[in-house]
Amino acid sequence: MDPFLEFLAHLPARFLNGISFEAMRYAMGTLSVFGLVWVLFAPMLKSRKIRTTPHRMKQVRDELRNSFITILVFVTLDVVIFDLGARGVFRLYEDIGLYGWVWFLVSIPVAIVLHDAWFYWTHRLMHLRRLYRTFHMTHHRSHNPTPFTAYSFAPGEAVVNYMFIPVLLLILPIHSLALYTVMTVMIFKNATAHCGYELFPRTWVFHPVLGCLTTVTHHDMHHARADGNYGFYFTWCDRWMGTEHADYLDRIGLQLAADIERRAARTAGKPVAADPQDVPA
Ligand SMILES: [Zn+2]
Ligand SMILES: [Zn+2]
């Protein structure tokens with residue numbers, strides 16, 4: 001059969017497979033964070049809740065609708081770029097022996113660091129006045145994010161976010177299992193960054209090495225003010241470029257002091273003060 005006709009014949013099945021794979025990935029990340037953080041451990045995490053303002057159901061409905069559109073965009077790009085485009089140009093490989101185990105293991109953090117840089121710069125670009133409305137405003141409609149904000153993008157932003165993968169595979173040889181690992185880390189980081197509860201130990205923020213990891217509060221402050229704190233995994237780019245919120249460290253420091261005070265009050269059997277969590281706009 002003509003290769004193009006064969007491609008067309010397989011298109012419906014390819015689309016359905018792609019949608020189920022992407023929907024599974026989204027559900028795996030968002031539902032597990034929702035179930036664990038918002039339901040199972042919510043009573044234990046009470047003092048970790050970042051905002052006191054309640055969420056509206058309409059926001060979650062909009063986020064789910066936008067996420068469905070994002071999944072359709074991802075699957076369409078999969079088909080256009082990887083199936084219709086020349087698969088041979090990408091350096092995705094299956095045989096670990098080709099580049100060895102060391103590269104297999106190293107390629108995962110390398111891809112994550114490169115993704116962080118991609119995310120920071122494309123994110124900053126999408127905050128430019130000319131691009132913001134078309135590309136990024138949909139994501140910021142979730143002023144007070146939920147785990148389902150993870151894929152709540154306008155189609156243009158979904159394309160920008162997706163394009164990291166083909167660009168990565170043009171530059172570096174990546175084993176398919178390493179790629180799936182990176183994509184799994186991506187969705188979990190994305191869902192937790194929007195979960196509304198601080199999950200990281202606050203002391204990490206002041207640690208010389210661990211302080212380079214972005215906390216949930218870091219991205220929450222970005223949603224509250226719609227500027228600054230553009231990084232995804234790491235604080236490096238924000239610190240190098242001077243875009244980290246000036247009060248980020250102070251805010252975590254105050255919460256840390258409140259944690260210590262509460263612990264001392266509990267030990268002494270005194271009444272425990274409420275936690276001043278809300279991110280100032
Ligand atoms: Zn966000
Ligand atoms: Zn933004």
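1. A word on burial to begin with: a residue is called buried when its relative accessible area is under 20%, exposed when it is over 50%, and partly exposed in between, using a 1.4 Å probe and protein chains only. By that rule, histidine 139 is buried, with a relative accessible area of 4%.

2. Some ground rules for reading on. This is a predicted model, in which local features need pLDDT of at least 70 and side-chain atom pairs count only at pLDDT 80 or more, while totals for chains, interfaces and linings use all residues. Residues are numbered from 1 along each chain as its sequence is written, chains are lettered from A and ligands numbered from 1 in the order in which they are written, and side-chain values use heavy atoms, with hydrogens and water left out.

3. Back to histidine 139, which is found in helix H4; helices (H or I, at least four residues) and strands (E, at least two) are DSSP runs, numbered from the N terminus. Contact here means heavy atoms within 4.5 Å. Apart from neighbours within four places in sequence, histidine 139 is in contact with Thr149, Ser152, Phe153, Glu157, His194, His219 and His223.

4. Histidine 127 and histidine 136 are both buried.

5. A disulfide is a pair of cysteine sulfur atoms within 2.5 Å, and a search of the whole structure finds 0 of them. For cysteine 195, the nearest cysteine sulfur belongs to cysteine 212 and is 19 Å away. For cysteine 212, the nearest is that of cysteine 237, 11 Å away. Cysteine 195 is buried at a relative accessible area of 0%, and cysteine 212 is buried at 16%.

6. Next, the nonpolar cores. Such a core is a set of buried Ala, Val, Leu, Ile, Met, Phe, Trp, Tyr and Cys residues joined through side-chain atoms within 4.5 Å. The largest has 37 residues, and Phe82, Tyr151, Ile165, Leu169 and Ile174 have the most contacts inside it. Two or more of its residues come from each of the helices H2 (57-84), H3 (100-126), H5 (155-162), H6 (164-171) and H7 (176-193). The largest share, 8 residues, comes from H2. A second, separate core of 10 residues includes Val33, Leu45, Cys195 and Tyr197.

7. Not counting residues up to four places away in sequence, tyrosine 151 touches Glu22, Arg25, Tyr26, Asn66, Ser67, Thr70, Ile71, Phe74, Ile187 and Asn190. Serine 67 lies in helix H2 and, at 1% relative accessibility, counts as buried. Leaving aside neighbours within four places in sequence, serine 67 is in contact with Tyr26, Phe148, Tyr151 and Ser152.

8. Leucine 199 is found in the loop between H7 and helix H8 (216-225), where its 36% relative accessibility makes it partly exposed. Beyond residues up to four places away in sequence, leucine 199 touches Val37, Leu45, Arg48, Thr192 and Val216.

9. Which residues lie nearest the centre of the largest pocket? They are Glu22, Arg25, Tyr162, Ile165 and Met183, among the 36 residues that line this pocket. H7 gives the largest share of the lining, 7 residues.
A pocket is worked out on a 1 Å grid over the protein atoms alone, as an open set of points with protein on both sides within 12 Å along at least five of seven lines; lining residues have an atom within 4 Å of a point.

10. Finally, two backbone details. Most residues other than glycine have a negative phi. Alanine 226, however, has a positive phi of about 55°, and phi of asparagine 229 is near 50°. Alanine 226 is in the loop between H8 and helix H9 (236-241), and asparagine 229 is found in the loop between H8 and H9. Alanine 226 is partly exposed, with a relative accessible area of 30%, whereas asparagine 229 is buried at 0%.

Conventions. On a 1 Å grid over the protein atoms alone, a cavity is a set of points where a 1.4 Å probe fits but cannot get out, and a pocket is an open set with protein on both sides within 12 Å along at least five of seven lines; lining residues have an atom within 4 Å of a point.
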